[in-house]
Amino acid sequence: MSRYGMIIDINKCNGCYNCFLACKDEYTGNDYLPYSVGEPNEARPFMKMTEKEMGKCPKVKVDYVAQPCLQCADATCVKMATNGEVYRRPDGIVIIDPEKAKGKREIVNSCPHRVISWNEERDVAQKCTFCVHLLENGAKEPRCAEACPSGAILFGDLDDPNSEISKNLKSAPTQELNPDYNLRPNVVYRNLPGRLIAGEVIFEDKQESCAQGVKVTLKGDSVEKSCTTDFLGDFEFKGLPAGKAFKLTIEYNGYKPQIIDIKTDTDKNIGEVLLNQA
Ligand code: SF4
Ligand code: SF4
């Protein structure tokens with residue numbers, strides 16, 4: 001038996017909203033019984049998009065967090081059901097039964113992630129079904145994953161050790177959205193938004209040109225990341241934990257290294273860092 005899940009990588013998301021639009025296109029006005037009824041035109045798609053701004057002017061960034069129903073193993077929406085109106089299939093997909101759930105507006109509030117909406121026209125609560133109607137007809141993935149041009153949404157069978165998603169899960173740690181909810185989601189993330197540290201490097205003796213290729217290393221709180229400055233001399237580190245102390249080391253052959261202590265109590269733009277000749 002398959003058990004479906006997703007990994008969504010925020011660093012691969014370019015904010016094109018194709019997943020959001022594909023979801024809207026799939027469900028608006030279309031019934032897929034016994035799993036879902038057509039969404040009204042004006043309804044927000046089941047794929048929720050959140051834009052997270054970070055940084056300090058002029059180093060400002062936006063991350064886009066695509067959030068379908070997370071198909072939780074310990075779903076509060078299933079636990080709060082009294083008559084099978086919300087249930088979990090053996091393949092892990094959580095379904096709101098459009099017949100049994102009729103008139104039960106309280107289902108909307110059973111999800112702490114707020115991904116259940118109320119369909120006024122059809123008198124029923126609704127959410128993402130992982131496009132189960134397509135999977136049952138041979139599709140390999142839901143419309144959102146299919147529509148994503150950058151491979152930010154990876155869908156597959158978590159119980160198949162040879163599936164791409166199972167191999168990917170082993171390759172690097174993932175993160176849960178709001179882990180405090182303890183819902184054991186089958187949709188997990190990489191590179192969720194966090195604090196940002198950014199700045200730019202200038203060579204003291206060549207101030208008219210950009211300091212490209214300078215090594216910048218960030219260490220602290222079990223984090224060690226490094227990058228090189230881009231063609232503008234800029235660098236940035238995203239997704240950092242809040243309220244932690246870090247050491248930033250900036251080094252380039254022939255120049256004295258700069259070491260800067262930083263705390264991520266807020267996003268930080270450290271501005272221009274001047275490197276002097278050794
Ligand atoms: S994300 Fe919300 S609606 Fe989806 S399974 Fe979890 S608790 Fe239920
Ligand atoms: S389709 Fe992919 S790249 Fe576009 S917004 Fe959705 S997750 Fe991001």
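Author: A residue is near a molecule if one of its heavy atoms lies within 4 Å of it. This is a predicted model, in which local features need pLDDT of at least 70, side-chain atom pairs count only at pLDDT 80 or more, and totals for chains, interfaces and linings use all residues. Residues are numbered from 1 along each chain as its sequence is written, chains are lettered from A and ligands numbered from 1 in the order in which they are written, and side-chain values use heavy atoms, with hydrogens and water left out.

Reader: Which residues are around ligand 1?

Author: By the 4 Å rule, they are C69, L70, Q71, C72, A75, T76, C77, V94, C111, V115, I116 and K127.

Reader: How many charged residues does the shell around ligand 2 have?

Author: The shell around ligand 2 has no charged residues, but nine nonpolar and four polar. Among its 13 residues, C13, C16, Y17, C19 and C148 come nearest.

Reader: What does I153 touch?

Author: Contact means heavy atoms within 4.5 Å. Leaving out residues up to four places away in sequence, I153 touches M6, I7, I8, C19, M47, C144, A145 and C148.

Note on methods:
Nonpolar A, V, L, I, M, F, W, Y, C, P; charged D, E, K, R; others polar.
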